[in-house]
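Please examine the structure shown below.

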Amino acid sequence: MTRELLTGNAAAAWGARLAEVDYVPAFPITPQTEIIETLATWFGEGTMPGKFVSMDSEHSMLTAAGAAAATGARVFTATSSQGLLYAAELLYTVAGWRVPLVLVNVSRALASPITLEPDHNDVLAARDSGCLQIHAETCQEVLDSILMAYRIAEDPRVLLPVIVNLDGFALSFTREPVTRPSLEQVRAFLPPYSPTHARFTAARPMAQGIAVLGGALYSFFRYQMHLAAQNARAVHGEVAQAFREAFGRRYGLVEGYRLLDADYALVMSNAYATRGKAAINRFRAQGIPVGLLRLRVLRPFPALAIAAALEGKKAVAVIDQNLSVGFGGITVAEVASALYQERDRPPLLSYIGGLGGKDLSDAEFDQILQDLQRNADTGHVPPPRLLYTEREDAQTTAFLEVAGKGTRHVE
Amino acid sequence: MRRIRFHGRGGQGMKTASRIVSTAAFREGYDTQDAPIYGAERRGAPMAAFTRIDHAPILERGMIAAPDLVVVADETLFDDPQAGVLRGLQASGTVLANSAHAPALLRERYGIVPALAVLDFTGLVLSHVGSLAALSVALGAATCRVAGLCTSSVEQAVQEELEALGLSADRIERNLDLARLCYERVDVWLPVQPAAVPAPVAVPRPQVVTLTYQGPWRGTPSVAAPANTPLRKTGNWRVWRPVIDLARCTQCWMCFVSCPDGAIALDDADTPHIDYEVCKGCLVCVEECPTHTIHTLREAEV
C-alpha cells in the first residue's frame, strides 16, 4: 500500500495495472491520452505483462476489446467524448456479447462547438447500451471503482461491460492523494477471470456474436442483459462490502453527504459533486439543513436507493451536467422516475450546470438554495434553469464582439 | 378483410406479386397494405410477402398468421417446415400453387386440405416471357382474379410496378400479355370467402410469462453445438438442375473449384459429382465448364 499524488488518469492506469489485465487496445484522445501513455510505458518496460495494441480508431479499439474479452481475456480500454460516440455501435454490440471488459471514459463535452472540458453528454450517450456505469468523484474512487468494476462485471450473475467515468481536467489532470493498494492486496480481492460461457478453446469451438431472426429470441437475450444489470445492484453491494473489508473504503450505489437530517437536498454526480459538498458545508455553517446526494452507479439505476435517500425532504434540486436538447436534464427525469411511486415525493427543481466544464460559483448554489426555500414556503416550482451568471454572460458578449458579432453590426 | 400470404424463394418475385395485388386493389378504391419479410437477402432462400385488402382502414401490421389465401411460387416450399406455407390457413381458405403436377398429387404429397388451384405458372412464364422473374406478374395477376379484382386494375398495377422496376416498354407489354393470360386461366376457382364460414376453432391464448435470469451459459447469444450447416439441405431451392455428362467430362475440375457451395466433389477417379441435396441450382458450374459438358434440366421434369 502506497500513499502518493496521482492524477485521475494515472489512477485509472494503476487500476488496470493492479487488475493485471491481459489486453489493452488503445487509441488516444484528449483528455484520456495520459492513461494509455502510462500503460504503454509500463507494457514497454515490462512492468505490465500482457498485450498493448494501438488501434486505428475507437471503433476498432472496442471491437478488439470485445473480441479479446470473448476469448476469456481480462481487457481494459479507455476513451473520451467523440471517441466514445465513434465506438457507440460497439458499446451496444459487445454488451450483447456479455463480455466483462472495463472501459474508462474521461468525460469531455461533445461537439459542436468543439471543446475539451467536461460534461456528461458523452457518457450518458452510452446510458442505454447495456454497459454498467460507475461515475467517480475523486482520483481514489477512479482506482477503486476500476477494481470493483472487474469483480462486478466478471460475476456470473452480471457479465456486462462496465464504464468507469471520470471528469476530464477536474480529475483527469488533477493530482491528489491516492492510496494505491499492493498487487497482493488486489489479488486477494479480485480473483482471476475464468469464464465458462465465452473463452477460447481450440478443442471446443463455439460461435459467438450470432444473428437471430424473429423477435422472441432477440427479446430473450436482450432481456437477459437487463436481468443481469438488475442483478448487478446486489452484486455491487457484496463487492462493496468485500472492498471495504480489504481496503477500508466503502462505496454505495449512491452517496449521501450530510443528507440524513437535511430538509433540502442537492443531487449531483462526478467531480463537481465536490463543489456541491463545499456549498453544503457553507449552508450548514449558516444553520441551513441542506445535504447532497451523489449519483455514483448510474446503471443499474439505483431507484430504490434514491427514493430512500430523498424520502421526506422538503425540496430537492437536481443539477444536470448534461443537456438533452429539447428536453432538459437527463438525470432529473431519472430521479423523478425513482420518486414517482412514492407517496410523499418531494418537489424536484431542475438545473443545468457545468456544461463544457463551466465552473459552478457560490452565486449559483445560492440561487438554488433560494429556490428550494421559496418552494418550501410557497410551493412554487421554478422552470428548469441554466446555471449561468451575469459575469459569464458579459464575457460571452465580449467574445461575440471580438468575433465580429457585436450589437453594432446589423444582422 | 382479405389476407393473402405469398410464399416464394428470394428472386421469384413474390414481393412484386404482393405489390401488384395491393396496387390493383388500391386502384379500385380499397384500403390495402403490402409488405415482404426476409432474412439476410439471398436468392433461393424462403421468403414471404403479405397483402391485406379491406373496405375500412387496416388496423393490422406485420406478418399474416391466419391468411384466407396462400400463394405458393415454388411447390418445394410445402416441404420446408421453416417456410410454414400452410400454417394458420383458414379451413375456408384457398391455396394457389405454382406446380407442373396435378392437384391430386399435391394434395396427397403435402396433405393440402383447403381449396387448391394449381397451374404450371413457370411453364407459362418460360414460354411467354422467358425470364423466371415474370412469376411475379403471373402469380400477381392470378391472385387478383381470386381476390375478385377486375382486369383493368390488374393491367394498371402490372404497368405501374414494372415501370417502377425500370423494365422496357417492350418487356412490360410481354408481361401484360402474360398477366391477361394468367388472369383468364383462373376463373373457375373458388371465391376467397365462401358464403358459409365455419365457426372458428377457439385457440387457447398463451399466458404472458415472466423471464428469469438464465446464467451465462444459456443466457448469452452463442452457439456451443458443433457445426450444424450440413443439417440444412438446400437442394430443393433449384428450378434448374445441372447435370454433368460424364462421358464427355475432361476432368478439368473447373466446376469443382467454382461451385460456391462446395456441392461438387471428386471421386476416387477424379470425376466430379454434384450433391443434389445441397446444390442450389445457381448454375455457375454450367457457365464455367469450358467444354459445355454440363447441361440443365427443369427440376419439375426430372
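Strand β9 (residues 207–208) of chain A pairs with β7(B) in the antiparallel sense, over 2 bridges; strands count as paired if DSSP finds at least two bridges between them. Within this pairing, A207(A) stands opposite V223(B) in β7(B). Strands (E, at least two residues) and helices (H or I, at least four) are DSSP runs, numbered from the N terminus. This is a predicted model, in which local features need pLDDT of at least 70 and side-chain atom pairs count only at pLDDT 80 or more, while totals for chains, interfaces and linings use all residues. Residues are numbered from 1 along each chain as its sequence is written, and chains are lettered from A and ligands numbered from 1 in the order in which they are written.

The contact between the chains takes 20 residues from chain A and 13 residues from chain B, where contact requires C-beta atoms, placed from the backbone, to lie within 7 Å. On the side of chain B that touches chain A, α7 (215–219) and β7 (222–223) of chain B each supply at least two residues. The largest share, 4 residues, comes from α7(B). This side of chain B comprises 7 nonpolar, 6 polar and no charged residues; Ala, Val, Leu, Ile, Met, Phe, Trp, Tyr, Cys and Pro count as nonpolar, Asp, Glu, Lys and Arg as charged, and the others, Gly among them, as polar.

Chain A also holds an open sheet of 5 strands, ordered β4-β5-β7-β6-β13, with mixed pairing. Its edge strands, β4 (76–79) and β13 (297–299) of chain A, each pair on one side only. β4(A) and strand β5 (residues 102–107) of chain A run parallel, joined by 4 bridges. Here T77(A) has L103(A) in β5(A) as its bridge partner.

Note on methods:
Two residues are in contact if their C-beta atoms, placed from the backbone, lie within 7 Å.
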